[in-house]
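User: I would like to learn how to read the features of a protein model. Please take them one at a time.

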Amino acid sequence: MGCRSTGPRSALLRVVLERETTGDPVLVVDERRRMPGRGAWLHPDPHCLELAVRRRAFGRALRHAGTLDTEAVSGAVTRHADQQQPQPQHDGAGTTPTPTVDRESGLEADGDPMSTQR
């Protein structure tokens with residue numbers, strides 16, 4: 001939504017409008033992707049969220065006139081980005097080990113298949 005590029009739904013966050021007890025609409029991240037109502041899909045990337053806020057894409061996607069608080073969405077994007085940061089593993093020499101690949105089976109030494117993207 002923010003960057004206008006597509007992706008698999010499993011890699012996106014679904015955002016919906018929900019009414020607070022006061023009756024005011026608030027943006028909520030639909031973690032299970034099951035909440036009723038119109039949803040907007042967003043990459044869990046701070047840059048994508050920034051673009052969506054700057055272009056007021058949430059209001060258009062969810063068909064809501066007026067301003068919306070994006071604090072809950074910002075917190076979810078931050079949490080997701082923190083979880084996705086790969087932690088490099090270093091050996092004692094201070095270098096990052098490279099995986100060894102068995103050329104015949106296509107498996108790395110730990111048994112995981114190699115990436116299909118080269």
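User: Where is the place of Arg33?

Analyst: The place of Arg33 is in the loop between E2 and E3. Those labels are DSSP runs numbered from the N terminus, with helices (H or I) of at least four residues and strands (E) of at least two. This is a predicted model, in which local features need pLDDT of at least 70, side-chain atom pairs count only at pLDDT 80 or more, and totals for chains, interfaces and linings use all residues. Residues are numbered from 1 along each chain as its sequence is written, and side-chain values use heavy atoms, with hydrogens and water left out.

User: What is the phi of Arg33?

Analyst: Most residues other than glycine have a negative phi. Arg33 has a phi near 60°, a positive value in a residue other than glycine. With a relative accessible area of 31%, Arg33 is partly exposed; buried means under 20%, exposed over 50%, and partly exposed in between, using a 1.4 Å probe and protein chains only.

User: Where does Arg4 lie, and is Arg4 buried or exposed?

Analyst: Arg4 is in the segment before E1, and its phi is near 65°, a positive value in a residue other than glycine. At a relative accessible area of 64%, Arg4 is exposed.

User: Next, the strands. What is the order of the strands in the open sheet?

Analyst: Two strands pair if DSSP finds at least two bridges between them. Here an open sheet of three strands has the order E2-E1-E3, and the pairing is antiparallel. E2 and E3 are at the edges with a single partner strand each, so one side of each has no neighbour in the sheet. On average, neighbouring strands of this sheet are turned by 30° against each other, direction ignored. Such angles run from 0 to 180 degrees between N-to-C directions, with axes being lines fitted to C-alpha atoms, for helices over the stretch in contact.

User: How many bridges join E1 to E2, and how many join E1 to E3?

Analyst: Strand E1 (residues 13-19) and strand E2 (residues 25-29) are joined by five bridges and run antiparallel. Arg19 stands opposite Pro25 in E2. The hairpin of E1 and E2 has five residues between the strands, and Gly23 takes a positive phi near 95° in this hairpin. E1 and E3 are joined by four bridges, again antiparallel, and Arg14 stands opposite Trp41 in E3.

User: Which residues of H3 are buried?

Analyst: Val73, Ala76, Val77 and Ala81 are the buried residues of H3. They lie on the same side of H3 because they cover an arc of only 130° around the axis; the arc is that of the directions from the helix axis to the C-beta atoms. On the other side of H3, the exposed residues are Glu71, Asp82 and Gln83.

User: What do the buried residues of H3 pack against?

Analyst: They pack against E1, E2, strand E3 (39-42), helix H1 (46-54) and helix H2 (57-61), where contact means heavy atoms within 4.5 Å. H3 lies across E1, E2 and E3, running at about 10° to E2.

User: Which residues are buried in H1?

Analyst: Cys48, Leu49, Leu51 and Ala52 are buried in H1. Their arc around the axis is only 160°, so they are on the same side of H1. The buried residues of H1 pack against E3, H2 and H3.

User: How many disulfides does a search of the whole structure find?

Analyst: A disulfide is a covalent bond between the sulfur atoms of two cysteines. Here a disulfide is counted when two cysteine sulfur atoms are within 2.5 Å, and the search finds zero. The sulfur of Cys3 has its closest cysteine sulfur in Cys48, at 3.7 Å, which is too far for a bond. Cys48 is buried, with a relative accessible area of 1%, whereas Cys3 counts as partly exposed at 33%.

User: How many helices and strands does the chain have?

Analyst: There are three helices and five strands in the chain, and from the N terminus on, the elements run β-β-β-α-α-α-β-β. Of the 118 residues in the chain, 25% are buried. Among contacts with a separation of 6 or more, 53% come from residues 24 or more positions apart.
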